Amino acid sequence: MITEAIALQSQALADHYDWTQNLYIDLKNYARLCNQMMEEHEDLIQTFIGEAKRHPQAARLILYETDKSLCEHLVVYLQKSQEKNIVSSDIDLKASVDSFTSMLLHGMLRFSNFTTILDYSRECYMQTCVNLFVRGISTLPLKEPGGSVD
């Protein structure tokens, strides 16, 4: 089951990801893809979070290895963005990507357990994660294409 989940995520990444070279748009698309993958495997993720201490190898595999390829692609993209002076050169990209994906994972867990008590939507949560992340790593003002600076 774990191997199948990893293969499906790798395939989704290969089929889905085209970078536009616009940091805001690309991170918004990345967040949607990441969220979609987590939602598709939500039961498995929650099971392995609960079983992490009893089965650390299996938990590591499903919780960290499944999104490794996705994260590596984002790190490479952000490295290229650093070379273009779009992303600050003084940040650790692996730690930054880990922070970003952790925010998305936390959101998926919150929405699966507390949907009725939250005063905002999943889309709003993802949008906020993207805005915070882009503002934190970017050397440019946050701007949606055709829109104004936030």
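Hi everyone, let's start with the rings: this structure holds three aromatic pairs. By a pair I mean rings of Phe, Tyr or Trp (its six-membered ring) with centres within 6.5 Å; planes under 30 degrees apart count as stacked, over 60 as edge-to-face, and the rest as tilted. Take F100 and F133: their centres are 4.4 Å apart with 15° between the planes, and the pair is stacked. This pair links distant parts of the chain, with F100 in helix α6 (residues 93-114) and F133 in helix α7 (residues 122-137), 33 residues apart. A word on helices: they are DSSP runs of H or I with at least four residues, strands are runs of E with at least two, and both are numbered from the N terminus.

Before I go on, please keep in mind that this is a predicted model, where local features need pLDDT of at least 70 and side-chain atom pairs count only at pLDDT 80 or more, while totals for chains, interfaces and linings use all residues. Residues are numbered from 1 along each chain as its sequence is written, and side-chain values use heavy atoms, with hydrogens and water left out.

Are F100 and F133 buried or exposed? Both of them are buried. Here buried means under 20% relative accessible area, exposed means over 50%, and partly exposed lies in between, using a 1.4 Å probe and protein chains only. Ring pairs also bring in Y30, which forms a cluster with F100 and F133.

Why is the pair of Y120 and Y125 called stacked? Their ring centres are 6.4 Å apart and their planes sit at 15°, so the pair is stacked. Y120 is partly exposed, because its relative accessible area is 32%. Y125 has 15% relative accessibility, so Y125 counts as buried.

Now let's look at the whole fold. The protein has seven helices and zero strands, and from the N terminus on the elements run α-α-α-α-α-α-α. There are 150 residues, and 39% of them count as buried. The accessible surface comes to about 8800 Å², and 52% of that belongs to carbon and sulfur atoms; these areas come from the Shrake-Rupley method with a 1.4 Å probe, and for residues only the protein chains shown count as cover. Of the contacts with a separation of 6 or more, 67% are between residues 24 or more positions apart. Contact, by the way, means heavy atoms within 4.5 Å.

Next, a helix pair. Helix α2 (residues 23-40) packs with helix α5 (residues 68-83) at an angle of about 175°, and their axes are 12 Å apart. The axes are lines fitted to C-alpha atoms, for helices over the stretch in contact, and the angles run from 0 to 180 degrees between N-to-C directions. So α2 and α5 are roughly antiparallel to each other. That label needs an angle over 145 degrees; under 35 is roughly parallel, 65 to 115 is roughly perpendicular, and the rest is oblique.

Which residues make this contact? From α2 we have L23, D26, L27, Y30, L33, C34 and M37, and from α5 we have L70, C71, L74, Y77 and L78. In the contact of α2 with α5, 11 residues are nonpolar, none is polar and one is charged. For that count, Ala, Val, Leu, Ile, Met, Phe, Trp, Tyr, Cys and Pro are nonpolar, Asp, Glu, Lys and Arg are charged, and the others, Gly among them, are polar.

S81 is in helix α5, and S81 counts as buried because its relative accessibility is 4%. Leaving out residues up to four places away in sequence, S81 touches I86 and V87. L105 is in helix α6 and counts as partly exposed at 26% relative accessibility. L105 and M38 are 67 residues apart in sequence, and their C-alpha atoms are 7.2 Å apart in space. Q127, in helix α7, counts as buried at 19% relative accessibility. Beyond its neighbours within four places in sequence, Q127 is in contact with Y24 and K28.

Finally, two loop residues. Most residues other than glycine have a negative phi. Q21 is not a glycine, yet Q21 has a positive phi of about 75°. Q21 lies in the loop between α1 (2-16) and α2. N85 also has a positive phi, near 60°, and is found in the loop between α5 and α6. With a relative accessible area of 53%, N85 is exposed.
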